[in-house]
Amino acid sequence: MDQRELLVRAGESARDAYALAIGPERAALGHSSLRVLDLPPGGTHELAAGDSEWLVVPLSGGCTVRTRGEEFHLRGRTDVFEGPTDFAYVPRDADALISSGAGGRFALTGARCERRLPARRGSAPEVPVETRGSGNCARTVRNFAAADAFDCDRLIAVEVITPGGNWSSYPPHKHDEHLPGRESELEEIYYFAFEHPDGYGYQRISPSRDGGAELLAEVRAGDAVLVPNGWHGPSIARPGTAMYYLNVMAGPGPEREWKISFHPDHREGYQ
């Protein structure tokens with residue numbers, strides 16, 4: 001697979017109000033979407049959900065989401081390193097109006113789906129947070145829309161904070177086959193931010209099949225990496241600055257679940 005399909009540089013896919021807009025229209029994806037919306041003070045944006053369910057996730061600033069007769073006030077946060085945020089669920093086939101008095105940046109994570117679930121709000125204090133790994137493989141995972149944390153039809157989304165100099169998404173793992181009870185078929189999007197303006201990191205994808213996805217890239221703030229298949233990881237943060245990534249996952253499997261296989265050559269290195 002062409003590496004240019006897997007790495008989306010900041011600004012490369014910008015259109016209209018979106019600093020980033022990627023979805024199933026790209027050859028590498030069939031189910032998941034990610035848009036990053038920049039709103040000026042007093043700005044508004046209309047979202048037509050279409051055949052996808054969406055989560056409105058404040059990256060910086062707060063907003064109000066109005067959809068299907070409901071109104072959700074999201075306090076948001078100063079930036080993604082402050083902690084978990086509240087968020088809003090927009091069902092498929094719905095129209096939503098997103099407005100922000102002070103302005104801000106908002107991630108719209110989407111997945112094609114079949115069921116129309118109720119519009120609702122997720123609360124920041126209820127987001128499950130875990131420390132995964134140890135030593136220089138330790139990282140913090142905010143499971144705000146993990147499969148067992150928040151009800152969606154297809155969409156799975158989490159946030160990861162990796163301290164400077166640490167590895168995450170390690171050991172390399174994959175979820176590109178439907179193996180009942182063992183592995184889910186899920187494509188994935190990574191969206192990156194860094195605590196300091198000069199921050200950067202590295203992302204690796206290696207093939208799990210002939211002709212599969214392969215990438216080794218330096219990533220900076222606003223970049224995205226697409227994982228249609230393959231072993232992905234590690235994600236490595238430059239020493240001296242923490243790295244954030246938002247993961248968006250969806251797939252065709254009969255169950256909404258996150259089951260992974262670890263790369264057999266790296267299993268002993270897991271911490």
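This is a predicted model: local features need pLDDT of at least 70, side-chain atom pairs count only at pLDDT 80 or more; totals for chains, interfaces and linings use all residues.

1. Arg68 sits in the loop that runs between strand 5 (52-67) and strand 6 (70-77). Although Arg68 is not a glycine, its phi is positive, at about 50°.

2. Ser169 is another residue to check: it is not a glycine, yet it has a positive phi of about 50°. Ser169 belongs to the loop between strand 14 and strand 15. With a relative accessibility of 7%, Ser169 counts as buried.

3. The loop between strand 14 (167-168) and strand 15 (173-174) also holds Pro171. The peptide bond joining Tyr170 and Pro171 is cis, with omega about 0°. A cis peptide bond is also found from Gly233 to Pro234, where omega is near 5°. Pro234 is placed in strand 22 (residues 231-237).

4. On packing, the largest nonpolar core comprises 53 residues. Leu34, Leu55, Phe144 and Val225 have the most contacts inside that core. Beyond its neighbours within four places in sequence, Val225 is in contact with residues that include Leu6, Leu7, Ile189, Tyr190, Phe192, Ile205, Leu215 and Val219. The contacts of Val225 also include Glu188 and Gln203. A second, separate core has 20 residues, among them Tyr18, Val65, Ala88 and Ala119.

5. How many disulfides does a search of the whole structure find? The search finds 0. Cys113 is in no disulfide, and its nearest cysteine sulfur, that of Cys152, is 8.8 Å away.

6. The largest pocket has a volume of about 440 Å³. Its lining consists of 26 residues, and those nearest its centre are Arg132, Val141, Asn143, Trp258 and Ile260. At least two lining residues come from each of strand 11 (129-132), strand 12 (139-145), strand 13 (156-162), strand 18 (187-194) and strand 23 (243-250).

7. Asn143, one of the residues nearest the centre of that pocket, is part of strand 12. Is Asn143 buried or exposed? Asn143 is buried, with a relative accessible area of 13%. Leaving out residues up to four places away in sequence, Asn143 touches Val127, Pro128, Glu130, Arg132, Ala149 and Val158. Arg132 in that list is also among the residues nearest the centre of the pocket.

8. A search of the whole structure turns up 1 cavity of 30 Å³ or more. The largest cavity holds about 100 Å³ of space. It is lined by 13 residues, with Leu186, Gly253, Glu255, Arg256 and Glu257 the closest to its centre.

9. His263 lies in the segment after strand 24 (261-262) and counts as buried, at 14% relative accessibility. Apart from its neighbours within four places in sequence, His263 is in contact with Pro172, His173 and Trp231. A polar atom of the His263 side chain lies 3.1 Å from the backbone nitrogen of Asp265. Between the C-alpha atoms of His263 and Ser100 the distance is 44 Å, with 163 residues separating the two in sequence.

Definitions and conventions: Residues are numbered from 1 along each chain as its sequence is written. Side-chain values use heavy atoms; hydrogens and water are left out. A disulfide is a pair of cysteine sulfur atoms within 2.5 Å. A nonpolar core is a set of buried Ala, Val, Leu, Ile, Met, Phe, Trp, Tyr and Cys residues joined through side-chain atoms within 4.5 Å. Buried means under 20% relative accessible area, exposed over 50%, partly exposed in between (1.4 Å probe, protein chains only). Contact means heavy atoms within 4.5 Å. Helices (H or I, at least four residues) and strands (E, at least two) are DSSP runs, numbered from the N terminus. A polar contact is a pair of N or O atoms within 3.5 Å; within protein, one must be able to donate a hydrogen and the other to accept it, and residues adjacent in sequence count only if both atoms are side-chain atoms. On a 1 Å grid over the protein atoms alone, a cavity is a set of points where a 1.4 Å probe fits but cannot get out, and a pocket is an open set with protein on both sides within 12 Å along at least five of seven lines; lining residues have an atom within 4 Å of a point. Grid points are joined across faces, edges and corners, and a volume is the space filled by probe spheres set on the points.
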